Amino acid sequence: MQVTVVGAGIAGVACARALVDAGVTVRVLERSHVCGGRMATKRYDGRRADIGAGYLTVSSPRFAAVVGRWRDAGLARPWTSTMAVHSPSGWSTTTGPERWAAPGGLRSLVEDLAAGLDLRTGHAAEWVDPGPRVDGVPADAVVLAMPGPQAVRLVHPGLNRTARAALNRAWLSSLVATLAFDRRGWDFAGAFVNEHPVLTTVFDDGSRRGDDAPVLVAHTTTEFADQFVADAAAAAEDVESAVRELLDLPAALSVNVHRWTFARPAEPGHAPFHYGPERVGIAGDAWGTPKVETAWLSGTLLAEAILADLA
Ligand SMILES: Cc1cc2nc3c(=O)[nH]c(=O)nc-3n(C[C@H](O)[C@H](O)[C@H](O)COP(=O)(O)OP(=O)(O)OC[C@H]3O[C@@H](n4cnc5c(N)ncnc54)[C@H](O)[C@@H]3O)c2cc1C
């Protein structure tokens, strides 16, 4: 059996991992030069910062087993359950689920899951037809594991209506700014920023990664991000001003901005994945509450559906 997985974010890699562990031959195509997708870690001034997902949370026993293995291997660690909250009336704190971080950056977790897979980076798939075939190469099944607007460009119009409706749902953008300072001038692990025109969250990346570097990572509202479609770097000054004003900080030493055009779906999905009679499956975080755990579960459950179908 041969399956082609397109997209090496956590959903695609989880799907490929489960298929390979069951004895299926899988090739994973990833258009970027690295795997991880939105579990993204980027090097600025010689230090890695998490510029996609801020952390991960765990609720299902199956995902807990995976995260437990990462913890035992020193790849993931519980980070914080307490977040600061800023609203127009001032500061408070909120306690929620344990949030997990990765000393090597969240991408390192996807890399770990991808170890030993036939992963072809720098390979953008262009066309999936009902063969199913990817760019003319036949497979017994094909998996698309990426945001709907990216997947819909690839698929043949014959793909069934349910899948098309899911793929055509709206997605929201965000900018993520990494700000380096000369020293640490804040006392929270992360802060939710409510009703702010620019910011939604600010994370202490030094505390998150465990090296205590004086680095903050700030996420912006979609409305703000949409003003900088052509040039994300042009937002640096406004984001820095917003962070400095919020936290009463001196000027940053550097500000780097990354734009996510498809940061998250506007509405959570209801089914855990799509798998149709044409043997094209679709997985990702849009198939539930958009977060890392949902994407892992979506890819894993899709793999099980494919195994049952091809058996
Ligand atoms: C700013 C931000 C903050 C977030 N914060 C959190 C958080 O705190 N906690 C949390 O749990 N989640 C968070 N998330 C969500 C989390 O990152 C996602 O739920 C998860 O990483 C989605 O994984 P995925 O595999 O479904 O998709 P993706 O990670 O988007 O992976 C899709 C992959 O497909 C590839 N691809 C696309 N088109 C093609 C093609 N044609 N050919 C080949 N490859 C292709 C892409 O390059 C990408 O690698 C955040 C996301 C963002 C953007």
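Me: Is F273 buried or exposed?
Reply: This is a predicted model. In it, F273 is buried, because 27 other C-beta atoms lie within 10 Å and the cut-off for burial is 20 or more.

Me: Where is F273 found?
Reply: F273 is in the loop between β16 (254–265) and β17 (274–275).

Me: And which residues does F273 touch, leaving out those up to four places away in sequence?
Reply: F273 touches G281, I282, A283, W287, S298, L301, L302 and A305.

Me: What separates the C-alpha atoms of F273 and W127?
Reply: They are separated by 20 Å, and the two residues are 146 apart along the chain.

Me: Changing topic: how do α1 and α9 pack?
Reply: Helix α1 (residues 10–21) and helix α9 (residues 292–310) pack at an angle of about 35°, with their axes 7 Å apart. The crossing is right-handed. By class, their contact has 13 nonpolar, four polar and one charged residues.

Me: Which residues touch the most other members of the largest nonpolar core?
Reply: That core has 96 residues, and V13, C15, V143, L144 and V239 touch the most other members. Its largest share, eight residues, comes from α9.

Me: Taking V143, which residues is it in contact with, apart from neighbours within four places in sequence?
Reply: V143 is in contact with V3, V5, V6, G12, C15, G281, A283 and L302. Among these, G281, A283 and L302 are also touched by F273.

Terms used: Residues numbered from 1 in each chain as written. Predicted model: local features only at pLDDT ≥ 70, side-chain atom pairs only at ≥ 80, totals over all residues. Helix = DSSP H or I, 4+ residues; strand = E, 2+ residues; numbered from the N terminus. Buried ≥ 20, exposed ≤ 12 C-beta atoms within 10 Å, placed from the backbone. Contact = placed C-beta atoms within 7 Å. Axes fitted to C-alpha atoms, helices over the stretch in contact; angles between N-to-C directions. Left-handed = near helix turned anticlockwise from the far one by under 90°. Nonpolar A, V, L, I, M, F, W, Y, C, P; charged D, E, K, R; others polar. Core = buried A, V, L, I, M, F, W, Y, C linked by C-beta atoms within 7 Å.
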